[in-house]
Amino acid sequence: MRIDVISIFPEYFAPLDVSLMGKARAKGILDVRLHQLREWAHDVHKTVDDTPYGGGPGMVMKPEIWGAAIDDVIGEGSPRLVVPTPSGRPFTQAVALEYAAEPWLLFAPARYEGIDSRVMIEYGARLRLDEVSIGDYVLAGGEAAVLVMIEAVARLLPGVLGNAVSAVDDSFAPGAMENLLEGPVFTKPPVWRGHEVPEVLLSGHHGKIARWRRDEALRRTLRKRPELIERGELSPADLRAIESFRADGDPVAD
Ligand code: J9T
């Protein structure tokens with residue numbers, strides 16, 4: 001997959017050289033190309049922003065510079081264009097999966113108060129454009145949001161995760177555990193500072209272990225994210241488990 005990023009802080013993307021994403025790039029699975037937006041600014045100060053029409057605080061990124069940069073980066077091609085903004089549609093695991101199936105993404109993170117809106121009108125008509133938010137909070141610029149999205153997408157690309165099944169059981173991944181948070185995990189030693197690993201996990205009984213993990217995922221989801229649980233999608237065994245949490249005095253939303 002090819003990913004282009006146009007930013008006034010290309011150095012912000014140094015983490016892409018590290019760990020999973022660094023390895024994906026070294027293997028050629030991920031081809032990330034970083035571009036300095038200021039290279040398309042031709043005045044002596046390399047100005048990329050200006051005051052907002054109508055007044056108000058902050059500065060707005062100039063349309064001509066973004067237009068020239070995007071035109072040069074895309075050439076005759078048509079990547080999916082992603083503009084991070086707190087006013088965008090939510091970035092979810094489903095969106096990550098959609099992006100992982102694309103051959104080419106172009107990210108356009110803004111600083112200041114954002115990019116002149118005519119840029120989104122122009123490229124919304126020419127490309128598939130998504131304005132995307134990574135959560136209900138405001139950042140100093142879209143770069144951190146781009147890093148988040150690239151990492152979420154890169155780990156889904158074939159050959160990136162060491163363990164081929166790792167992405168299948170993710171919380172929010174489609175499939176059996178859809179919309180359930182993952183439960184607790186343990187490794188050796190079996191007792192640490194007096195805290196024991198749940199006995200069922202040492203039993204070797206795969207059926208009981210699977211049921212226990214599902215119960216713990218249900219318990220955690222009911223406690224922390226009850227809105228994720230669709231009662232209609234639960235099996236009779238799941239519903240029995242929930243009734244037993246209630247009997248244990250665990251909070252269970254109705
Ligand atoms: C400047 O960009 C942001 O503040 C931003 C981008 C994407 N998602 C957010 N929640 C914030």
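**Pocket, cavity and buried residues**

Q: Which element gives the largest share of the lining of the largest pocket?
A: Keep in mind that this is a predicted model. Two elements, β5 (80-90) and β7 (129-133), each give two or more residues to the lining of the largest pocket. The largest share is five residues, and the element they come from is β5.

Q: What is the volume of the largest pocket?
A: The lining of this pocket takes in 27 residues, with P84, T85, P86, E113 and G114 nearest its centre. By class, that lining has 15 nonpolar, eight polar and four charged residues. As for the space itself, the largest pocket has a volume of about 530 Å³.

Q: How many residues in the lining of the largest cavity are nonpolar?
A: Searching the whole structure turns up one cavity of 30 Å³ or more, and the space in the largest cavity is about 40 Å³. Its lining is made of W66, I70, L81, V83, A108, I115, V119, M120, Y123 and L129. No polar and no charged residues are found there, so by class the nonpolar count in this lining is ten.

Q: Within what arc do the buried residues of α4 fall?
A: Helix α4 spans residues 118-126, and its buried residues are V119, M120 and Y123. They line one face of the helix, because, looking down the axis of α4, they fall within an arc of 90°.

Q: Is H35 buried or exposed?
A: You'll find H35 in strand β2 (residues 31-36). Setting aside neighbours within four places in sequence, H35 has contacts with D4, V5, I6, S7, P10, W40 and V73. Its relative accessibility is 17%, and under 20% counts as buried, so H35 is buried.

Q: What is the angle between the planes of F91 and Y99?
A: There are two aromatic pairs in the structure, and F91 with Y99 is one of them. Both F91 and Y99 are buried. Centre to centre the rings are 6.2 Å apart, and the pair is tilted, with an angle between the planes of 40°.

Methods:
Residues numbered from 1 in each chain as written. Predicted model: local features only at pLDDT ≥ 70, side-chain atom pairs only at ≥ 80, totals over all residues. Heavy atoms only, no water. 1 Å grid on protein atoms, 1.4 Å probe; cavity = no way out; pocket = protein on both sides within 12 Å on 5 of 7 lines; lining within 4 Å. Points joined across faces, edges and corners; volume = space filled by probe spheres on them. Helix = DSSP H or I, 4+ residues; strand = E, 2+ residues; numbered from the N terminus. Buried < 20%, exposed > 50% of the residue type's maximum accessible area, 1.4 Å probe, protein only. Contact = heavy atoms within 4.5 Å. Arc of directions from axis to C-beta. Phe/Tyr/Trp six-rings, centres within 6.5 Å; stacked < 30°, edge-to-face > 60°.
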